[in-house]
Amino acid sequence: MRITVFGATGGIGQEVVRQAVAAGHEVTAVVRDPARLPVPLSAVQVHTVARVDDPEALREAVAGRDAVLSALGSRGRKAGGVAERLTGAVLAAMEAEGVRRLLVVSAAPVGPRPADDPLPDRLARRAIGAILKEVYADLTRMEAALARSTADWTSVRPPKLTNGPLTGKYRTAVGSTPRSGRSISRADVAHAMLALVDDPASVRQGVGVAY
């Protein structure tokens, strides 16, 4: 496939680029600092932008792509509307270029709670939700923008992220959250995103991923 990766130098974005290149996909990485890419520059098409919300730069980055994968979002507790704003810019660029498939990284607390989650998991979720309230509110608004769009989107919702290895062994739940799903590695989130690109059941759906 021909794919464009936003947030390509972040933890999940780097894994998406690395795994996509290894799978033989034609990858365009949208970056501000190419030196932070995890693979040799010769292996990817590098699209350097000063601002990720530059409409013309984004249109050029997504033109002719089969799919766009985005790991854009806040890197701290203060979201500042980053996910909503930048994802909105990506959606506008995709619509202008007639590109439909989009996969983004969200978070498990944005999705529905499993009805049978054990009490300790519910309490932990509530505590984390209070700490990261602003981040989750930003992601909720981002998902609302996805729902209003005409894109064939999928929102991938992991719980706590780790720097563990790629295993390829995790649970997914379309429209839900895996029961007692407490963590997953960034490498496996990237693996799930790439696996879901051509999964019709995940189109216009949130997908929970966890061990």
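## Strand β4 and its neighbours

Let's start in the sheet: strand β5 (residues 101–105) runs parallel to β4, and three bridges join the two. One of the pairs to look for is valine 68, whose bridge partner in β5 is leucine 102. Keep in mind as you explore that this is a predicted model.

β4 also pairs with strand β1 (residues 2–6); these strands run parallel too, joined by four bridges. Here you can find valine 5 standing opposite leucine 69 of β4.

Now turn to the side chains. In a regular strand they alternate between the two faces of the sheet. Which residues of β4 (residues 67–70) lie on each side? Ala67 and Leu69 are on one side, Val68 and Ser70 are on the other, and all are buried, so both faces of the strand are covered.

## Two helices that cross

Two packed helices are described by the angle between their axes and the distance between the axes. For helix α2 (residues 55–62) and helix α3 (residues 82–97), the axes come within 8 Å and cross at roughly 60°. That angle makes α2 oblique to α3. The crossing is right-handed.

Which residues meet here? From α2 come Leu58, Arg59 and Val62, and they meet Ala89, Val90, Ala93, Met94, Ala96 and Glu97 of α3.

## A threonine in a loop

Finally, find threonine 177 in the loop between β8 (171–174) and β9 (183–185). Is threonine 177 buried or exposed? Its relative accessible area is 10%, and because buried means under 20%, threonine 177 counts as buried.

Setting aside residues up to four places away in sequence, threonine 177 touches Ala108, Gly111, Pro112, Pro114, Arg125 and Gly208. With proline 112 there is a polar detail to spot: its backbone oxygen lies 2.9 Å from a polar atom of the threonine 177 side chain.

Terms used. Residues are numbered from 1 along each chain as its sequence is written. This is a predicted model: local features need pLDDT of at least 70, side-chain atom pairs count only at pLDDT 80 or more; totals for chains, interfaces and linings use all residues. Side-chain values use heavy atoms; hydrogens and water are left out. Buried means under 20% relative accessible area, exposed over 50%, partly exposed in between (1.4 Å probe, protein chains only). A polar contact is a pair of N or O atoms within 3.5 Å; within protein, one must be able to donate a hydrogen and the other to accept it, and residues adjacent in sequence count only if both atoms are side-chain atoms. Contact means heavy atoms within 4.5 Å. Two strands pair if DSSP finds at least two bridges between them. Axes are lines fitted to C-alpha atoms, for helices over the stretch in contact, and angles run from 0 to 180 degrees between N-to-C directions. Angles under 35 degrees count as roughly parallel, over 145 as roughly antiparallel, 65 to 115 as roughly perpendicular and the rest as oblique. A crossing is left-handed if the near helix is turned anticlockwise from the far one by less than a right angle, and right-handed if clockwise.
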